[in-house]
Amino acid sequence: MIVVVGPTASGKSAFAIRLAQEVGGEIVGADAVQVYRDLVIGAATIPTHERAGIPHHLIGVLDLSEEINAGIYLRMAIQVLRDIVSRGKVPIVVGGTNFYVDTLIRGLSPIPHIDKQKKEIFMAQCAGRTTSDLFTELNAVDPTWAASISSPNDRQRILRGLEVYHFTGIPLSVWQRQPRTSGWDGPYHKIGLAIPRPVLTERIAARTRRMLAEGLLDEVASIRARGFTPVNCRALASIGYREVFDYLEGRIASKEDLENSIITHTRHLAKRQMTWLKKDEMIEWRNVQ
């Protein structure tokens, strides 16, 4: 298995396609947003006509009403990887969600399953609270997990820590110190794409402008009309979608402010991703422009 990682907008998808052509590979997505079929423009999902005939798996396979998390992703991915290998092909995992990549390689901690209905009730109870307030509570019940979060605005990871503590009575950081199981048990090689910061900054800005020009507002408006929001679908709390919801609901005043907000938050995300990846000594870094 080959794993391609790097910050957002570094060109992982295009790189993986070229690599697949060279080694006889098939691409497996590891992205918590691209896995949904209705999230295309804001997820920067590579169009079918640009995939050079390379099979892509776990991209655009779920409805917005379906849940995805690291455990669900792991079960889906292992099945796909085994099928690819059985056909004599090379699986190339493209990581948009680094936690999913980590889970795929290392397996999962034995955190008990939490019923979906209970989770939805808990999330609804937290919906009206500020991220700052939630982070303060997390610091009180699980300071170790709180310290591992690269941004105090990462609402999804904050809620995950509170959710696990609420339902199990044990901090998530304690669960994560337990032996992991069920990860990929075969050989793998990690390739990281290193890109100069000024180049990445311009790519992020250009991609944001392209998404807006291609109809990101219409994509979100259609999803919103069907009743999906960042509250009942976690993927819609991701950068790009979250800001458009804020714009459509009047919390962002202008399209110019919307564009700048997406660019700024994407740049911060890229920085957090690189902080995470630089700690991984298994990555072979390749310079790209």
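**Salt bridges, sheet and core**

At 26% relative accessibility, Arg 160 counts as partly exposed. That label covers the range between buried (under 20% relative accessible area) and exposed (over 50%), with a 1.4 Å probe and protein chains only. The model is predicted: local features need pLDDT of at least 70, side-chain atom pairs count only at pLDDT 80 or more, and totals for chains, interfaces and linings use all residues. Residues are numbered from 1 along each chain as its sequence is written, and side-chain values use heavy atoms, with hydrogens and water left out.

**Salt bridges**

- The structure holds 18 salt bridges. Each one is a side-chain nitrogen of Lys or Arg within 4 Å of a carboxyl oxygen of Asp or Glu.
- Arg 160 joins Glu 163 in one of them, at 2.6 Å from N to O. Both residues lie in helix α7 (residues 155–168), 3 residues apart, or about one turn of the helix.
- Is Glu 163 buried or exposed? Glu 163 is buried, with a relative accessible area of 0%.
- Arg 234 also forms a salt bridge with Glu 163, and their closest N and O atoms are 3.2 Å apart. Arg 234 sits in the loop between α10 and α11, while Glu 163 is in helix α7, so the pair ties together parts that are 71 residues apart in sequence. Arg 234 is partly exposed, at 31% relative accessibility.
- Which residues are linked in a network of salt bridges? They are Glu 67, Lys 119, Arg 160, Glu 163 and Arg 234.
- Another salt bridge joins the side chains of Glu 137 and Arg 129, at 2.7 Å from N to O. Glu 137 is partly exposed, at 33% relative accessible area. Arg 129 is partly exposed too, at 27%.

**The sheet**

- An open sheet of 6 strands has parallel pairing and the order β3-β2-β4-β1-β5-β6. Helices (H or I, at least four residues) and strands (E, at least two) are DSSP runs, numbered from the N terminus. Two strands pair if DSSP finds at least two bridges between them.
- In general, strands of a sheet pair through backbone hydrogen bonds, either parallel or antiparallel.
- The edge strands are β3 (56–57) and β6 (283–287), and each pairs on one side only.
- How many bridges join β2 to β4? There are 6, and the two strands run parallel.
- β1 and β4 run parallel and are joined by 3 bridges. Val 3 has Val 93, in β4, as its bridge partner.
- β1 also runs parallel to β5 (residues 189–194), with 4 bridges between them. Here Val 4 has Ile 191 as its bridge partner.
- β4 is largely enclosed by the rest of the structure, because 5 of its 6 residues are buried.

**Helices on the sheet**

- α2 lies across β2, β3 and β4 (90–95), running at about 180° to β2. Axes are lines fitted to C-alpha atoms, for helices over the stretch in contact; angles run from 0 to 180 degrees between N-to-C directions.
- α3 packs on the sheet and touches β1, β2, β4 and β5. The direction of α3 makes about 160° with that of β1.

**The nonpolar cores**

- The largest nonpolar core has 49 residues. Such a core is a set of buried Ala, Val, Leu, Ile, Met, Phe, Trp, Tyr and Cys residues joined through side-chain atoms within 4.5 Å.
- Leu 39, Tyr 73, Val 93 and Leu 104 have the most contacts inside this core.
- Which element gives the most to this core? α2 does, with 8 residues.
- Val 93 is in contact (heavy atoms within 4.5 Å) with residues including Met 1, Val 28, Tyr 73 and Leu 104, leaving aside neighbours within four places in sequence.

**Helix α10**

- In α10, the buried residues include Leu 216, Leu 217, Glu 219, Val 220 and Ile 223. They cover an arc of only 160° around the axis, which puts them on the same side of α10. The arc is that of the directions from the helix axis to the C-beta atoms.
- On the other side of α10, Asp 218 and Ala 225 are exposed.
- What covers the buried residues of α10? The cover includes α9 (197–214), α11 and α12.
- Just after α10, Gly 227 takes a positive phi of about 95°.
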